[in-house]
Amino acid sequence: MNRYTVMNLREKLENLSISDYQGLKSPGLTCYLNSVLQVLFMTEDFREAVKRNCSEKPTSIDAHLGDLFSMLEREMAQTHNIVIKLGIKDVYEQRDAAEYFEKILCRTSPEASKIFKGELNHKSTCLKCNETDDSKNFFWVLPLSMGDPKSSTYSVRQGLNSFLKVQTVCEDNQMFCTRCNEKQDAKTEYEMTHPPDVLALLLKRFSFDYQQNCYVKLQCKAKVVQTLEIKNCRYRLYAVVHHYGDLMGGHYTADIQSFETGNWYCFNDNTVKCVHKLYSKSEHKSISSTTAYLLMYKM
């Protein structure tokens, strides 16, 4: 066997869609659900927590997730029971993956969902009397504005820094001060008081275009960093949910790094294939993507 034949055979083997994982068979067009279910399955701590809790409350969504996860470990699984449990009546209607990611977590046991649960403190300070108001709320996902629709590139790191930085509100955006008993200019900022074990970031690719008087999808390239640092916590990217298409019709897939093999896989409904070469081994390099929509970072 000559060198050319060996190289040709090696290339064919590398391009085969062989995977260590299974796809999902679902009714209708529920790729938005399939993508987040695979992210949850491939999150080790969540998978194990669901298995521990599914027998305690058999009527909860943990039981359905537990059955789904157990099947996925052996073969292609069906999502019919999850679809019914989530109250999805029209399986051909386009829906949002981030919305259903949050819906599932809201119905999951606290032990399992706490992995994704973070806390933000919204702090506002009156610039006239220095009165400070704090408001704490938990979150599953941090939404990051992608800014100018005409921009060709977007930095995830800068977007997160912008979300957390101090901002001044004035004029029509003034805030009511209880001490002054009137609206005043103020400083506002978000502080992450409880960083979650898994940080989920939503890139707000859907923006209202006032010239066209409708919502449009932002197709700009996002520079997705593979590591983030927040409040002395270091996070590493392990999953990217992609959205292809536009508001009228689209498709979701998920690229996820396995905690078992270390390889990256593309989960596309009932098919799964290894895409490890698409993701750099260097944690300092960014991934450029026009379709990245939901990002998962593990602490």
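Of the 299 residues of the protein chain, 44% count as buried. The model is a predicted one. Its chain holds eight helices and 21 strands. Take the contacts between residues at least 6 apart in sequence: 67% of them join residues at least 24 apart.

**An open sheet of four strands**

- Four strands make up an open sheet, in the order β4-β3-β10-β7.
- The pairing in this sheet is antiparallel.
- In general, the strands of a sheet pair through backbone hydrogen bonds, and they do so either parallel or antiparallel.
- From one strand to the next, the twist averages 30°.

**The pairing of β7 with β10**

- β10 covers residues 186-194.
- Three bridges join β10 to β7, and the two strands run antiparallel.
- Val169 has its bridge partner in β10: Ala186.

**Helix α3 against helix α4**

- Helix α3 spans residues 44-53, and helix α4 spans residues 61-72.
- The two helices pack at an angle of about 120°.
- Their axes are 8 Å apart.
- That angle makes α3 oblique to α4, because angles of 65 to 115 degrees count as roughly perpendicular and those over 145 as roughly antiparallel.
- The crossing of α3 past α4 is left-handed.
- From α3, the residues in the contact are Phe46, Arg47, Val50 and Asn53.
- From α4, they meet Asp62, Leu65, Gly66 and Phe69.
- By type, the residues of this contact divide into four nonpolar, two polar and two charged.

**Ser109, a loop residue**

- Ser109 sits in the loop between α6, residues 97-106, and α7, residues 110-113.
- The relative accessibility of Ser109 is 13%.
- Ser109 therefore counts as buried, since buried means under 20%.
- Beyond its neighbours within four places in sequence, Ser109 is in contact with Asn53 and Asp62.
- Asn53 belongs to α3 and Asp62 to α4, and both take part in the contact of these helices.

Definitions and conventions:
Residues numbered from 1 in each chain as written. Predicted model: local features only at pLDDT ≥ 70, side-chain atom pairs only at ≥ 80, totals over all residues. Heavy atoms only, no water. Pairing = 2+ DSSP bridges. Axes fitted to C-alpha atoms, helices over the stretch in contact; angles between N-to-C directions. Parallel < 35°, antiparallel > 145°, perpendicular 65-115°, else oblique. Left-handed = near helix turned anticlockwise from the far one by under 90°. Contact = heavy atoms within 4.5 Å. Nonpolar A, V, L, I, M, F, W, Y, C, P; charged D, E, K, R; others polar. Buried < 20%, exposed > 50% of the residue type's maximum accessible area, 1.4 Å probe, protein only.
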